[in-house]
Amino acid sequence: ENYEAFVSESTYLSRQIYKSQRRRALCLEGGDPVAVEDAETKRWAMGLGTIVAEAELPAKKIAEATKDPAATWLRLCGNRRARTLRQGVRSWEKFSTWLKLAKGAVWPNGPSDIIDYLEERALEPCGPTIPGSLLMALQLVEAVGGVPRGERLGYDSMVLNVVQNLKKQLEVGSPPKKTAPVFTVATVMSLELLVIDASETMVARVLAWSLLIMVWGSLRTDDLLWLDRSRCKLSELGWKGVLLRSKTSGAGRRVKELPVFVRRLISLTGADWLRQGQSLHETASERFPGIQFLCQPRKDGWSSG
């Protein structure tokens, strides 16, 4: 009864705890994924620049000699995504703290410092991905920092051998990798029936349709943010869309856009869920402008939800 009373008063329910600042920004009404990605890239590029400057790597002098050092740090990161930069910075920060306390230095003097750190981490409850994460962070910092290829510790044969051996050791007796359970046929059939069920709420039906598009289009969850809804078409052949960006494509990549296709006759129940869902999505976008289940271009940017 209390819940129904809150709903009748048009109470707005929002999530308060998010895994990252990026996720929080994307979930805000009118959140622009392009602007959020750019802001996060700049944020972590500056974090990486701070690490390079503290270590006195060659790129520091070059960046400080330019008119706009902040823009230079961003350019030096190349076409790396914000997540890659974030993972590198966070992994390096833990190693940097240990290095200052144990060795009194801001940059490793050689492979021995890296090996000592990895050995200490291996004595703790340590996951098998920790050595690889540090290696990736080291290679990232050295690449952005302008360290000559022949002098990079991240490609030292001894460091590479130690990382591989520790990974093998830590994987022994570790729990198996958890993967998301595969949808059963019954789950997919239930989603199709939910889409065509007029007694269900519009939001639930559109969400079910979006999940079916992900299943049959082999899409990741984040791919929905980069699906250009203005180019999504439903024809006699099927539903067609275009991914403006994915994990392996986008601006600066060899493949800029990826097509998505769901065949028109795909249905386990015989229901025309594809047409029903497309019609519902268009109606929901008009009735609830603050809720966008797929990317929608606007004059002031991109809206997603």
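Predicted model: local features only at pLDDT ≥ 70, side-chain atom pairs only at ≥ 80, totals over all residues.
Local features require a pLDDT of at least 70, side-chain atom pairs count only at pLDDT 80 or more, and totals for chains, interfaces and linings use all residues. Residues are numbered from 1 along each chain as its sequence is written, and side-chain values use heavy atoms, with hydrogens and water left out.

The largest nonpolar core comprises 36 residues. A nonpolar core is a set of buried Ala, Val, Leu, Ile, Met, Phe, Trp, Tyr and Cys residues joined through side-chain atoms within 4.5 Å. Buried means under 20% relative accessible area, exposed over 50%, and partly exposed in between (1.4 Å probe, protein chains only). Leu48, Trp92, Phe95, Ile114, Leu118 and Val141 have the most contacts inside this core. At least two of its residues come from each of α3, α4, α6 (82–102), α7 (111–123), α8 (130–145) and α9 (157–171). Helices (H or I, at least four residues) and strands (E, at least two) are DSSP runs, numbered from the N terminus. Helix α8 gives the most to the core, with seven residues. Leaving aside residues up to four places away in sequence, Trp92 touches Ile51, Trp107, Pro108, Ala137, Leu138 and Val141; contact means heavy atoms within 4.5 Å. Another core, of 18 residues, lies apart from the largest one and includes Ile213, Met214, Leu219 and Leu227.

The sheet is open, with three antiparallel strands in the order β1-β2-β3. Two strands pair if DSSP finds at least two bridges between them. Strands β1 and β3 (258–263) stand at the edges with a single partner each, so one side of each has no neighbour in the sheet. Strand β2 (residues 238–243) pairs with β3 over six bridges. Val242 has Pro259 of β3 as its bridge partner. Helix α11 packs on the sheet and touches β2 and β3. Its direction makes about 105° with that of β3; axes are lines fitted to C-alpha atoms, for helices over the stretch in contact, and angles run from 0 to 180 degrees between N-to-C directions.

The structure holds zero disulfides, a disulfide being a pair of cysteine sulfur atoms within 2.5 Å. Cys77 is buried because its relative accessibility is 1%. Cys126 is also buried, at 15%.

Two loop residues other than glycine have positive phi. Glu56 has a phi of about 60°. Glu56 sits in the loop between α3 (33–54) and α4 (58–65), and is exposed at 53% relative accessible area. Ser218 has a phi near 55°. At 64% relative accessibility, Ser218 is exposed.
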